[in-house]
Amino acid sequence: MINILNLSNLYRFLFTIPLALFSLNTSAQELGTDLALEENKTPDTLSDYNVIEKAMVDELKRSMEELTYEDYERPFFISYSVNDIDGVSITSSLGAILYSNHFPVRNKAVRVLVGGYDFNDESLDVAYYNDPSSLSEIQIPIEDDYYGIRRSLWFSTDAVYKSAAKLFKENKQYLKEKNIGLKELPHRRFAKAPVINLEIKNKFADPDVQQLESLAKELSGQFSGESEIHHSMVTLNTFNSTNYFINSEGTRVKYPYSITSLQIYAEIKTEDGESIIDQIAHFGFTPESLPETEVIKNDVKALIKRLKTLKNTKVYKDSYMGPVLFVDEAVGTIFATSLFGYDGLMASNDISTRDNYQYNGQFLDDKIGNKILARGLKVETMPKLRYYNNLPLPGSFEVDAEGVVPRDTMTLVADGNLVALLNSRTSTSENHVLNGHSNANQAIGPGVVKISFEKSSSVKNLKQELIKSAKELGLPYGLMVKRIPYGNYMGVNVYKVSLEDGSEELLRLAQMKPLTIKSLRRILGGSSNNYVFNNQSGGSITSYIVPDALLVDEVEIEGSSAPYLGNKILVENPVGVKE
Amino acid sequence: MKQRFIFLLLMFSFINNAISQEVLLDIMGEELEREMQSLQKAEFPPYFIDYRVDDVSDITVSASFGSLTQSHNDRSRVLTTNVKVGDYTLDNTHEVAATGYGYNGNGFANINAILPLDDNALAVKQTLWRATTTEYENAIEAYKIVKNNTQVEGDGKKEVDDFSREVPVVHIEPSMPAISELIDQEKWEQKVKNVSAYFLNNPHLSTGSVSLSFSKEKKYYINTEGTKIVQNMTYAHMNISASILAEDGDILPLYKSYFAFLPSDLPNEDSLISDVKLMVEKLIKLREAPLAEPYSGPAILDARSAGVFFHEIFGHRIEGHRLKSEMDGQTFLSKVDAQVLDKSLTVISDPSLTQYGNRDLIGTYKYDDEGVEGQKVVVVENGILRNFLMSRSPLEKFIRSNGHGRASAGLNVVSRQSNLIIESNKPLSATNLRKKLIKECKKQGKEYGYLFSDVIGGFTNTDRFSANVFNVMPTEVYRVYVDGRPDQLVRGVDLIGTPLTMFAEIKAAGEQKEIFTGICGAESGNVPVSAIAPALYVRRIETQKKMKQNAKPSLLSRPGGSSPSITK
């Protein structure tokens, strides 16, 4: 049973980092050999720990040695995680600061397991009620306060253990009542993982809030003369965080990391008053790892130009099913949504039986070895890769939320065949392999993904392929998609590609049927050049290294024939109004 | 003391100067004028627009068992705007009968309108422009519905204006010092740690925390009628709370709160530590107290409990806007000039009252959130209902606002309470109240009556969709035995009932008044309120069992020992 507490909205951003990774059938020995730590240190005495670690170690030791609860079983596993965060969050518009805050936050996660690795309190969902955190809470101190930290951990441990102990008893009882062997009952197992002592040293520089505010103001100020832009906003977040993790198996991690995001949003309206939005997003580790200010300012100019173009662009009204050439950001978006959505290349947590079956997606657990994607397509995770072509990959991580170190590279799909699924220490299938991809949201994430296509080609050639394929299908034109802002498939801007001369005509507001894993079985070709795409979803960042063009067959795109009947703008935008 | 003087001077000085020194107000005025002029060309031109900006700086520090768990600073400027289409007699806020559409049903303001922290004219104006556009579009849609319903079918309601006509006001207060000059944050961090550390002395406590929340608000208001207001307010709110686990698994909480305009006027550390020790003593007694059974019979509500009791059962039913809605129970709509309470009782709402005794009142303000001066309103005079708490949404016979239109930042205004004062012209001493209680208990054949000594808060329903009940949540309740046995502390009691029945049962009030300071939540958000009441003797109340927890004692001892000296 896990209890994650003290989560604020501001803190959620920190969960952008997939923290935990692990595999089930891989032995601890095997995983251990892959450890390639920047610095590996085993403290000789508790004096080597700082106050936070010492409090965690002492309370965990006491809990493991002394926790007993009536006639319930004692815990066999406890883990504590504390995140110590220094965050800055700034919002700016038209050169003015709307919000600016520099804040310290700490949060904790406490996990207590009762039973054993094969069968424990988390194995089944038979309990009707389970809420260990509903009563009250002792928050974790924001100072290095030894007893305060212990009290906070003690309080959560007590609640989580009591609940876990009862759950395990119920799980055992269920097994007995059903008179069924454990092998026949779908259930979650807890994988054994190698014990590590990992301390990554990194000294954070104090964030220069004034400088960050100046940057946000400078960037948002670029919209000040743009009377056609209805609304614009710059959001800059940067977090320095140290994650402390220990468990009763002996693992100890001290992992500092930084994440910075810069998002620039803008909105324009057509003459009819219809809204068109777009954005720029840059992700890095520290603010210094963002692109140079002049580069971002050029991006802003391009964003403004794009929106102005779209303002006078016609709406796409046809119905299309055929080949579509995706380029740049659009390639990243379709891989992010199709391969790593809810039922993507991650091990499922599903323990349905026929009497309680719930459809939660088309899981791939039983498809290891099967061809699931187009021939020639390769999907690898490289969670420790921090830079690619000098571009930061903020999805990267050294160790996951469960204290498991991932391999440097893991192949998920080779030549279209499913090789492995991402997993945490929780497993529901023999096909699940512990590979250290658990994040602090109790979800599984890849961190850094590289996707390549064996038969690579140039964008120019792929465009010719698009034209050829469209002609063969008797289509009047081919379609190309360059960006899918906010991953919104309901308002995609498409380019009609002439079958005669390859010229492109931009049209807006097309509705694309979202691509699934099944859609990616019909890839006609991919580019040899790579594009880095960072995607923030559900509080996590994933960095994608993808071909900068991908030709997919049989994509369905519908036009919007409905008229826009909204309100016209009656009062002029004050930006641009002469005093 | 010097700081306090400056604060009061700022708050209540009148500087009626038409030429504003406030840059933000000037920018708001320019955009307001431009919008109003531009929209006059529209098919449905607005007849009224207002802008309200809540510039709020907050500092919150909190500690648990001697450990600092939060020290947070924040500042935001939130815009709320109203655009009215039609005219004062019939506009987009008119309630359309039986649809729920109208004043209560037309939704919230644009809560995402965040203004720049500095006075960047362009950025401020674009935000105002966008918010005005959105509100204007909403107003047109609402107005069309209103017109269609009133023209085609008639809504069957009496002719009451939708918006009151008020005299424009100009009131500009000079700026206050920055929040950092009004509070020493580091000193308060230490203070909450020191005070909360005393909870360590009892090993049975589940929680023990102390927090201070200090906010400085600068409110800007401007409308197309010519009203321009800039006013300041500060709130220093402190809370002490702890809970203890009873033998049967119930978790028993106690709370104590303090309010002053400035942190420097809150109780000193020694006084707070004394209160913590008293709270722990009470919790220990509460732990041993028996669970109470449901009861119907006589009771005394001590002054603070009586304040919450009146706020819930009475205060929410005199808020004028509710009485206008056909979705509301309208308890008092037809009872003007009728006796609704014991004739010894008078009920007043007075936002202009800044202190009672020597204590600051949280429900005070100079102008409400519609730019109308907060006025003293005698709601009930010697038991006779005379008036309601009015915003600018008129009622028949109550066509003007009396300055009770309130809302939290980003939400639309409705009529709300401020400082609610309950007075008796025949107050009884505590001894005589007790005698009345015992006499009535004997008459009703009761072994004991109840004394509600303290409460945490309460809630009530006034609409027609659910029972019009109230629930007051006591934390300290005693049985008062008729045979002279000592009062017995009990636990697990909620005070419940229905309003009209309860009003008739209030039979006497005490001499000493006390203040309950609270934050009242309703459709226009959370607003600070106080209730100043004497103890009340009620001939018959009803209680029900409080929801009970089933927690188990902690399996291991709480780390950190029992004395503040060993917490670090």
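A: Over all chains of this predicted model, the count comes to 66 salt bridges. In general, side chains of opposite charge can pair when their charged atoms come close.

In chain A, the side chains of Arg483(A) and Glu329(A) form a salt bridge, with N and O 3.5 Å apart. This pair links distant parts of the chain, since its two residues are 154 residues apart. Arg483(A) belongs to the loop between strand E18 (477-481) and strand E19 (492-498) of chain A, while Glu329(A) belongs to helix H7 (residues 329-339) of chain A. Arg483(A) has a relative accessible area of 14% and is therefore buried, as the limit for a buried residue is under 20%. Glu329(A), at 23% relative accessibility, counts as partly exposed.

Chain A also contains a network of salt bridges, which links Glu53(A), Glu199(A), Arg252(A) and Lys254(A). Of the 579 residues in chain A, 58% are buried. Among the contacts in chain A with a separation of 6 or more, 77% come from residues 24 or more positions apart. The accessible surface of chain A is about 24,100 Å², and carbon and sulfur atoms account for 46% of that surface.

In one of them, Arg77(B) is joined to Asp119(B) by a salt bridge whose closest N and O atoms are 2.9 Å apart. Arg77(B) is in strand E2 of chain B and Asp119(B) is in the loop between E3 and H3 of chain B, so the pair ties together parts that are 42 residues apart in sequence. Arg77(B) is buried, with a relative accessible area of 3%, whereas Asp119(B) is partly exposed at 33%.

The other example in chain B pairs Arg434(B) with Asp487(B), and here the closest N and O atoms are 2.4 Å apart.

The rule finds two of them across the interface of chain B and chain A. Lys193(B) forms a salt bridge with Glu143(A), and the closest N and O atoms of this pair are 2.7 Å apart. Polar contacts between chain B and chain A number 23 residue pairs. On the side of chain B that touches chain A, E2(B) gives the most, with nine residues. The residues of that side comprise 20 nonpolar, 18 polar and 13 charged.

The wider interface gives the setting for these pairs. The contact takes 53 residues from chain A and 51 residues from chain B. About 4,300 Å² is buried between the two chains, and carbon and sulfur atoms give 59% of this area. In chain B, the residues that lose the most area to chain A are Trp129(B), Leu555(B) and Leu556(B), together 16% of what that side buries.

How values were computed:
Residues numbered from 1 in each chain as written. Chains lettered and ligands numbered in written order. Predicted model: local features only at pLDDT ≥ 70, side-chain atom pairs only at ≥ 80, totals over all residues. Heavy atoms only, no water. Contact = heavy atoms within 4.5 Å. Buried area = accessible area lost by both parts, 1.4 Å probe. Salt bridge = Lys/Arg side-chain N within 4 Å of Asp/Glu carboxyl O. Polar contact = N/O pair within 3.5 Å; in protein donor to acceptor, adjacent residues only side chain to side chain. Helix = DSSP H or I, 4+ residues; strand = E, 2+ residues; numbered from the N terminus. Nonpolar A, V, L, I, M, F, W, Y, C, P; charged D, E, K, R; others polar. Buried < 20%, exposed > 50% of the residue type's maximum accessible area, 1.4 Å probe, protein only. Areas by Shrake-Rupley, 256 points an atom, 1.4 Å probe, with all protein chains shown as cover.
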